[in-house]
Amino acid sequence: MSAYDYDLFVIGGGSGGVRAARVAASMGKRVAIAEEYRFGGTCVIRGCVPKKLFVYASQFHEHFEDAVGYGWNVGKNTFDWKKLIASKDKEIARLEGLYRSGLVNNGAEIIESRAELVNAHTIRLVKTGKTVTAEKIVIATGGAPNLHAALPGHELCISSNDAFDLPELPRSIMIAGGGYIAVEFANIFHGLGVDVTLIYRGKEILSRFDKDMRQGLHNAMVEKGIRIILTDVIENVEKTAVGGLLAKTKTGETIAVDIVMLALGRDSNTKGLGLEAAGVDVDQRGAIIVDEYSRTNVPSIYALGDVTDRVQLTPVAIHEAMCFIETEYKNNPTAPDHDLIATAVFSQPEIGTVGLSEEDAAKRYSELEVYRAEFRPMKATLSGRAEKMIMKLIVDAESRKVVGAHILGHDAGEMVQLLGISLKAGVTKEDFDRTMAVHPTAAEELVTMYDPSYRIKNNQRI
Ligand SMILES: Cc1cc2nc3c(=O)[nH]c(=O)nc-3n(C[C@H](O)[C@H](O)[C@H](O)COP(=O)(O)OP(=O)(O)OC[C@H]3O[C@@H](n4cnc5c(N)ncnc54)[C@H](O)[C@@H]3O)c2cc1C
């Protein structure tokens, strides 16, 4: 019998923490998991899941419009924000219940409290003040929105956390940020009928994505009526006498809106966690430093998921948890694989992407072939919607391997999940060419782009 209260203590009941705790408990380990808010973490409670439900809600407006071209006579429709919130809350409560029962049914002990480290093997439960010990500790405390305290008036602004529970749907919103969360919420609010302004300091939204995706989405959003301000930032936010907000930008514009939402990145949840007391190292931004096996510099303490600021996505946190289990409890050292992660932006239209952007591939490979198709999807013909899809394959001319695949258009997220398998398997362009098309689909374009649209040699387009 171990001298510790538990074999494993997990701090944080989100995607990564719950997976590590549940699987370790199912193997007969004595496991406890502490959560200070709600089990399910960011993804289930105020991230991926409610966001995707909001995306669905916001798309009906266009579905109703499109239906007319297909012969439907759509009557007057109205939208009830409070009803959406109530339905969303019901669904996330159901999911939270599943997370809890998965833990309990596998024998993990649930602790509803904030937990902080006292030393390398001891944890303090803040609710009761009690301390417990564990042979191994996993920190999976995730991240939180950066509230941009240096911005005058930041306390008048909301973050993505608040956007999920606004008491009323605003008439207008200004969203600061150019990452996927800012872009997705701009599309969600626009689809629900809100007047949306997106402001971003960079030259184009979604800085780490392929340029065709960035520009294509930007154009589509502007076409819909979303205002995008680039190379500018909010300098201060003030309340007006009549209840709304005034956002002043650095270039001197003053914009009146009901709500300002800041989506300016996320910080690791490490403040007050007792990392210093336990001797755990963090980087300059407060993220926990780990090695390839998610081990911190303290041998009994591990960290995984967003708190380590590697790749901040739910499947990555879960994968890191599974690698921790393999390494520590199955005697099978397994380092998380962060290469070729397929991902989506649930904007409207969506982006699905895997592998290198054209710009990054051009820096890494001496010669590339770029296959690019831009077309009107079939559904848009009868609906009359001015909508373009873009598909792009980046091929290393020497090995013939497809090193990047990018899609802008409906269902891009679904398509790129499957492309992710192909790229992971190391497929060549010739494998795409040998694959029979599925007709009529939008995805068939991916296997029918026979000639390169252009080549890039030594980082120069030829
Ligand atoms: C708006 C939004 C949309 C997103 N959309 C997507 C998406 O579409 N796809 C995708 O893959 N990812 C998405 N993400 C990212 C995804 O949610 C995270 O990558 C994922 O949740 C990380 O999991 P985690 O286990 O590391 O942390 P989290 O899920 O954040 O869980 C950490 C948990 O720890 C708890 N906690 C913190 N400190 C303590 C403490 N001291 N004691 C006890 N408990 C503590 C927190 O309350 C939280 O529940 C989105 C995120 C946001 C904010």
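Tutor: In the largest nonpolar core, which has 41 residues, the members that touch the most other members are I175, F189, L198, I205, M221 and M261. Such a core is a set of buried Ala, Val, Leu, Ile, Met, Phe, Trp, Tyr and Cys residues joined through side-chain atoms within 4.5 Å, where buried means under 20% relative accessible area, exposed means over 50%, and partly exposed lies in between, with a 1.4 Å probe and protein chains only. This is a predicted model, for which local features need pLDDT of at least 70 and side-chain atom pairs count only at pLDDT 80 or more, while totals for chains, interfaces and linings use all residues. Residues are numbered from 1 along each chain as its sequence is written, and side-chain values use heavy atoms, with hydrogens and water left out.

Two or more residues of this core come from each of helix 3, helix 4, strand 8 (172-176), helix 6 (180-191), strand 9 (195-199), helix 7 (211-224), strand 14 (259-262) and strand 17 (343-345); helices (H or I, at least four residues) and strands (E, at least two) are DSSP runs, numbered from the N terminus. Helix 6 gives the largest share of the core, six residues. M221 shows the packing in detail: with neighbours within four places in sequence left aside, M221 is in contact (heavy atoms within 4.5 Å) with V183, A186, N187, L198, I205, I226 and I228. There is also a second, separate core of 24 residues, among them I123, I139, V280 and A303.

For another buried position, consider L95, which lies in helix 4 (residues 81-105) and counts as buried because its relative accessibility is 16%. Not counting residues up to four places away in sequence, L95 touches V44 and V49. L95 and A256 are separated by 161 residues in sequence and by 38 Å in space, C-alpha to C-alpha.

The aromatic rings come next. A pair of aromatic rings is described by the distance of the centres and the angle of the planes. Here, rings of Phe, Tyr and Trp (its six-membered ring) pair if their centres lie within 6.5 Å, and planes under 30 degrees apart count as stacked, over 60 as edge-to-face and the rest as tilted. The whole structure holds nine such pairs. One of them joins F60 and F64, a tilted pair with 6.2 Å centre to centre and 35° between the planes. These two residues are four apart in helix 3, so about one helical turn separates them, and both are partly exposed, F60 at 42% relative accessible area and F64 at 32%. The pair of W81 and F189 is also tilted, because the ring centres are 6.5 Å apart and the planes are at 35°. That pair links distant parts of the chain, with W81 in helix 4 and F189 in helix 6, 108 residues apart. W81 counts as buried at 5% relative accessibility, and F189 counts as buried at 0%. W81 and F189 belong to one aromatic cluster together with F54, F164 and F185.

Turning to the charged pairs, a salt bridge is a side-chain nitrogen of Lys or Arg within 4 Å of a carboxyl oxygen of Asp or Glu, and the whole structure contains 37 of them. D66 forms one with R385, the closest N and O atoms being 2.8 Å apart. This bridge links distant parts of the chain, since D66 is in helix 3 and R385 is in the loop between helix 11 (379-383) and strand 20 (389-396), 319 residues apart. D66 and R385 are both buried.

D7 and R30 meet in another salt bridge, at 3.2 Å from N to O. D7 lies in strand 1 (residues 6-11) and R30 in the loop between helix 1 (15-26) and strand 2 (31-34), so the pair ties together parts that are 23 residues apart in sequence. D7 counts as buried at 13% relative accessibility, whereas R30 is partly exposed at 25%.

The largest share of the patch, four residues, comes from helix 3 (residues 48-69).
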